[in-house]
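Trainee: I have a new model open and want to learn how to read it. Where do we start?

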Amino acid sequence: MLSMTGAQWLTAARAAEPQVPVLWDAKERLPKPDLSALPRLRFLTTTDFPPFNFLDGAGRLSGFHVDLARAICDELGVAEKCQIQALPWAELEGALQKGEGEAIIAGIAATPESRSKYAFSRSYLQFPARFIMPKTKALAEPIFDRLRGRRVGVIAGSAHERMLREYFGTVQVVPFDRPEELYDDLKAGKVDAAFGDGMRFAFWLGGSDAAACCRFAGGPYLAPEYLGSGMAIATRANDPALAAAFDYALQEISVKGVFAEFYLRYFPVSFF
């Protein structure tokens, strides 16, 4: 167990292997919304954020967010009214405020500033910090004492560096300016581990550059004060009822296993 100041904000999964994230309580009963009077439900997103949003080989809008939006429409019984439109990131806010869409599903962070502009659903995906290590030396939880004195690489000036120094003060922090340099030194054994964004690590671990050298070590760490609260769907600030409707749909999608299907489809190397 971690016993550091502020550790109540830092949670670690104790499973030996990464799992599909479960962010919804199956026992909670959220009210089922009635959207029969809604003339249209148009989700606004982007095209340049794979694997969340991208154009496939046939030029069709695809990705995790696209599948999730369609599943939400199905769950809310408005599939025939459902639309998904891709715009440049800079145009999303203006399009929503002008009524050109009802919601944005594109990774807008729920912060005190953004909450003045939008109403948000609950988070449907969070991005934990993770350690990665060479496969032959990878540690399991409890990892805190086992890392004592080890050289751990991290991107300089990042939230992950601040988090590493705060919560794992017994390691030797080795800052890097570029991810490629961090990965090269990890593969070469110049650092014992790397600490950073679990999703980015997952993409690297699953790619050819990693050459199957490494794996996740320990569990995922969620620290909202450093890493934020994750992804949520944004609606206009005066439409919290629609955001609440998305909460209902997202919970149902989670409970029925649909979210897990999407997650494993687009993130074959799980970052949880």
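Mentor: Start with contact. It means heavy atoms within 4.5 Å. Now apply that to one residue. Glutamate 75 sits in helix α1. Setting aside neighbours within four places in sequence, glutamate 75 is in contact with Tyr248, Ala249, Glu252, Ile253 and Lys256.

Trainee: Is glutamate 75 buried or exposed?

Mentor: Buried means under 20% relative accessible area. Glutamate 75 has 18% relative accessibility, so it counts as buried.

Trainee: What kind of model is this, and what is its mean pLDDT?

Mentor: It is a predicted model. pLDDT is the predictor's confidence in each residue, from 0 to 100. The chain averages 91, and 93% of its residues reach 70 or more. Residues 1-18 fall below 50. That stretch still has 40 contacts in the model beyond near neighbours in sequence.

Trainee: Next, the nonpolar core. Which residues of the largest one touch the most other members?

Mentor: Think of buried nonpolar residues linked through their side chains. The largest such core has 52 residues. Phe43, Phe64, Leu68, Ile72, Leu76, Leu125 and Phe271 touch the most other members. Several elements each supply at least two residues, including β2 (41-45), α1 (64-75), α4 (179-187), β12 (214-222) and α8 (258-266). The largest share, seven residues, comes from α7.

Trainee: What does phenylalanine 64 touch?

Mentor: Leave out residues up to four places away in sequence. Phenylalanine 64 then touches Pro51, Phe52, Tyr124, Leu125, Phe259, Phe262, Tyr263, Tyr266 and Phe267. There is also a second, separate core of 20 residues. Among them are Leu147, Val171, Ala193 and Ala217.

Trainee: Now helices. Which residues of α8 are buried?

Mentor: List the buried residues, then ask which way they point. In α8 they are Phe259, Phe262, Tyr263 and Tyr266. They cover an arc of only 100° around the axis, so they lie on the same side of α8. Their cover includes β3 (54-55), α1 and α7.

Trainee: And which residues of α3 are buried?

Mentor: Helix α3 spans residues 159-167. Its buried residues are Ala159, His160, Glu161, Met163, Leu164 and Tyr167. They pack against β8 (129-134), β9 (151-155), β10, β11 (193-197), β12 and α6.

Trainee: How many disulfides are there?

Mentor: A disulfide is a covalent bond between the sulfur atoms of two cysteines. Here a pair counts if its sulfur atoms are within 2.5 Å. By that rule there are two. One joins cysteine 73 to cysteine 82, S to S 2.1 Å. The other joins cysteine 213 to cysteine 214, S to S 2.4 Å. Counting bonded cysteines along the chain, the pattern is 1-2, 3-4.

Trainee: What is the handedness of the link between cysteine 73 and cysteine 82?

Mentor: Look at the torsion about the S-S bond. For cysteine 73 and cysteine 82 it is 65°, and the link is right-handed. For cysteine 213 and cysteine 214 it is about -100°, so that disulfide is left-handed. Check burial too. Cysteine 73 is buried at 1% relative accessible area, and cysteine 214 is buried at 6%.

Trainee: Last topic: loops. Where is glycine 230?

Mentor: Glycine 230 is in the loop between α6 (224-227) and β13 (234-236). With a relative accessible area of 17%, glycine 230 is buried. Leaving aside neighbours within four places in sequence, it is in contact with Ser123, Leu125 and Gln126.

Trainee: And where is alanine 223?

Mentor: Alanine 223 is in the loop between β12 and α6. It is buried, with a relative accessible area of 2%. Alanine 223 and methionine 163 are 60 residues apart along the chain, yet their C-alpha atoms are separated by 8.2 Å. Compare glycine 230 and proline 134: 96 residues apart along the chain, with C-alpha atoms separated by 28 Å.

How values were computed:
Residues are numbered from 1 along each chain as its sequence is written. This is a predicted model: local features need pLDDT of at least 70, side-chain atom pairs count only at pLDDT 80 or more; totals for chains, interfaces and linings use all residues. Side-chain values use heavy atoms; hydrogens and water are left out. A nonpolar core is a set of buried Ala, Val, Leu, Ile, Met, Phe, Trp, Tyr and Cys residues joined through side-chain atoms within 4.5 Å. Buried means under 20% relative accessible area, exposed over 50%, partly exposed in between (1.4 Å probe, protein chains only). Helices (H or I, at least four residues) and strands (E, at least two) are DSSP runs, numbered from the N terminus. The arc is that of the directions from the helix axis to the C-beta atoms.
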